[in-house]
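This report describes selected features of a protein model, from its domains down to individual residues. Please keep the sequence and the coordinates at hand while reading.

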Amino acid sequence: MAGILLVEDDPSVRTALELALTRQGHSVTSYATGEEALDHIRARRPEIAILDVMLPGIDGIEVCRRVRKLDQLPVILLTARGDDLDVVVGLEAGADDYVVKPVEPRVLDARIRAILRRAESAASDRITFGDLVVDRGALKVTLAGKEIHLTPTELRLLLELIRHPGQVLNRRYLLREVWDHTHIADSRLVDACVQRVRAKIEPRPGEPVFIHTVRGFGYRFNPP
């Protein structure tokens, strides 16, 4: 059972999702505004947050952005169909995944469980590549002795790349292994997550040392 924070301003949608997720065995706390969500996170951190993008006052993307400044709490965004710009901005703000409205509760539940599995599936060993050290048991990454804070999804992506040093992994493979997705249209999840990981672990993200892009194919982890 996961402790879920659900933020949706439409009362009927919020009630329907809360009931459906509760039936799936989750413990759900719901709010209608981003301000209430931030207060709740500060007072009692949930295991995962589900944020509607279009909220009155502080919208879901801004909530995600503020959370990311202090916490690696997993975040799923609820977006309107066709709002590609919201998806891109949300992913750049640090969201782990997104679900398009109208939301199918079983799909949302599957995404929640996939993210939580990613947070729990690390093995207990340390991997060292030059100044980059990944402790999968402690879920801790350091670069030149400084701790780097990654979300569960960012960590899972990095671990998947590290498992295949020197090999090119295409977006379809990474979607399947990291997000449990099979639809290649979701490849922007991969690109946005790679950008966020680079921003955290690369000395110069514009000139990556660890994660290289192989145009037309995917990404490759190059041990220094």
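**Domains.** The model is predicted. The domain assignment divides the protein into domain 1 (3–116) and domain 2 (126–221). Between the C-alpha centres of domain 1 and domain 2 the separation is 24 Å. Contact between the domains involves 14 residues of domain 1 and 16 residues of domain 2.

**Helix 4 and helix 8.** Two packed helices are described by the angle between their axes and the distance between the axes. For helix 4 (residues 84–92) and helix 8 (residues 187–201), the axes come within 9 Å and cross at roughly 30 degrees. Angles under 35 degrees count as roughly parallel, and helix 4 and helix 8 are therefore roughly parallel to each other. The crossing of these two helices, helix 4 and helix 8, is right-handed.

Which residues of helix 4 and helix 8 meet? On the side of helix 4 they are Asp84, Val87, Leu91 and Glu92, and on the side of helix 8 they are Arg188, Leu189, Ala192, Gln195 and Arg196. Sorted by class, the contact of helix 4 with helix 8 comprises 4 nonpolar, 1 polar and 4 charged residues.

**Helix 6.** Helix 6 (residues 152–162) is mostly covered, with 10 of its 11 residues buried. Among the buried residues of helix 6 are Pro152, Thr153, Leu155 and Ile162, and also Glu154 and Glu160.

Two residues are set side by side in the table.

| Residue | Element | Relative accessible area |
|---|---|---|
| Thr79 | strand 4 (residues 75–79) | 1% |
| Arg113 | helix 5 (residues 105–120) | 34% |

Is Thr79 buried or exposed? With a relative accessible area of 1%, Thr79 is buried, because buried means under 20% relative accessible area. Leaving aside residues up to four places away in sequence, Thr79 touches Val53, Val87, Tyr98, Val99, Val100 and Lys101.

Arg113, by contrast, is partly exposed at 34%. With residues up to four places away in sequence not counted, Arg113 touches Gln24 and His26. How far apart in space are Arg113 and Gly90, C-alpha to C-alpha? The distance between Arg113 and Gly90 is 20 Å, and the two residues are 23 residues apart in sequence.

Definitions and conventions. Residues numbered from 1 in each chain as written. Predicted model: local features only at pLDDT ≥ 70, side-chain atom pairs only at ≥ 80, totals over all residues. Heavy atoms only, no water. Axes fitted to C-alpha atoms, helices over the stretch in contact; angles between N-to-C directions. Helix = DSSP H or I, 4+ residues; strand = E, 2+ residues; numbered from the N terminus. Parallel < 35°, antiparallel > 145°, perpendicular 65-115°, else oblique. Left-handed = near helix turned anticlockwise from the far one by under 90°. Contact = heavy atoms within 4.5 Å. Nonpolar A, V, L, I, M, F, W, Y, C, P; charged D, E, K, R; others polar. Buried < 20%, exposed > 50% of the residue type's maximum accessible area, 1.4 Å probe, protein only. Domains from an automatic or database assignment.
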